[in-house]
Amino acid sequence: MKVVIWAVFLGVLVSGCYSVLDESPHISERSLRKTANFPIGTSLRFLPFIVDQRLKALHEHHFDSYTAGNDMKMHRVMPFDNEFNFQTVDAIVAYTQQNDQRLFGHNLIWHSSTPKWVVEKARKDPQWLANFMREYIHAYVGRYKGLVHGWDVVNEGINTHGGGYRTDSIWYEILGEKYIEQAFHYAHEADPDAVLFYNDFNTERDMAKFDFMLSMVKDLQARGVPISGIGFQMHIRMDIPDEVIAETLQKAADTGLQIHLSEVDVIFNTHNDSKGGGVENFTVLTPEMRAAQREKYKNLVRMYREIVPKKQQYGITFWGFNDRDTWIKKFFAMIDWPTLYDEDLQAKPALLGVLEGLD
Ligand code: XIL
């Protein structure tokens, strides 16, 4: 017995020492969350984030909103036929509650994270999919009612390029465009206070896609569908003109809806929006490029603050905050430096750019 108590005591002591030893050096950069007057978020992978002291310290210093990079998607929450697995989401909820952070739900319906078993079952039994969607959303949103502040209800429901509904989606294929409004209704039924978003990419640069999204959103609003916001993913590139971004932000804000910059990063190289597709024009990050990226981040944040009325500013969420863990390199299989901290978790000029934009 004594041995066990001692072992436990030692364990606590050692882990205490480790956490002191591991403690990251003082973070001298100004805090984003303290500088901003709207929520500032980042996406994270709960594991390994939760055991990485430096990441945790930086996260707590800068961010008051948490988005799961993948952990809350359908393929994670229901990997097998009709079996919810809420373990990680429960842990994320506990973590964010403990740290007084807003938890944003990404996402409910997305073609790309729809598990294979759902696709196969839906093709065999088209009737089944409509019921499944209702039950999935009711159970998931209902379980976290009051705990998840807002949701990306439908993600990327529009074609990659230009206008038109995305056709390479089982939801559209079986249920038609109606699935979009149904998803919003179900989410609202499960949590009437949750802030509900339509979220998509390239809508800040592809005007045909943006126009299609805007008319879809206005039509949903006009028919009383409970949509409360538009998410601009904002995986922008250095060469996307600020004027075009400003125009789309303005028109989106004119709807009166919440506007979320939901997945911000600023990329140098050119990818083609599909996995592994891209051209590596840049292989080295020069001081000039770092300075230009600072400017781009500053302008983006300024535009958001100047164009989007205060009460519609749902916040800015970065899609990861360091170049070591960024999804861009893995997903597009190319080198890049799209975020605020470098590979060694040291602040880049980009961070200063965001702070300047917030000033
Ligand atoms: C990405 C994740 O970051 C990657 O880890 C994963 O392999 C693919 O998905 N748009 C979205 C996000 O809405 O969910 C995507 O996240 C990035 C593009």
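**The ligand and its shell**

Modeller: A polar side-chain atom of Lys73 is placed 2.8 Å from an oxygen atom of the ligand. This is a predicted model, in which local features need pLDDT of at least 70 and side-chain atom pairs count only at pLDDT 80 or more, while totals for chains, interfaces and linings use all residues. Residues are numbered from 1 along each chain as its sequence is written, and side-chain values use heavy atoms, with hydrogens and water left out.

Biologist: How far is an N or O atom in the side chain of Asn155 from an oxygen atom of the ligand?

Modeller: Asn155 is one of the residues that surround the ligand, where a residue is near a molecule if one of its heavy atoms lies within 4 Å of it. Between an N or O atom of the Asn155 side chain and an oxygen atom of the ligand, the distance is 2.9 Å.

Biologist: Which residue has a polar side-chain atom 3.2 Å from a nitrogen atom of the ligand?

Modeller: The residues around the ligand include Gln233, His235 and Glu263. The one with a polar side-chain atom 3.2 Å from a ligand nitrogen atom is Gln233.

Biologist: Is His106 buried or exposed?

Modeller: His106 is found in strand β3, a strand being a DSSP run (E, at least two residues) numbered from the N terminus. Its relative accessible area is 2%. Buried means under 20%, exposed over 50%, and partly exposed in between (1.4 Å probe, protein chains only). His106 is therefore buried.

Biologist: With which side chain does His106 make a polar contact of 2.8 Å?

Modeller: A polar contact is a pair of N or O atoms within 3.5 Å; within protein, one must be able to donate a hydrogen and the other to accept it, and residues adjacent in sequence count only if both atoms are side-chain atoms. The side chains of His106 and Asn107 form one of 3.3 Å. The partner at 2.8 Å is Asp152.

Biologist: Which side chain is joined to Asn199 by a polar contact of 2.6 Å?

Modeller: Asn199 belongs to strand β5 (residues 195-200) and has 0% relative accessibility, so Asn199 counts as buried. A polar contact of 2.9 Å joins its side chain to that of Asn155. The side chain at 2.6 Å is that of Ser262.

Methods. Helix = DSSP H or I, 4+ residues; strand = E, 2+ residues; numbered from the N terminus.
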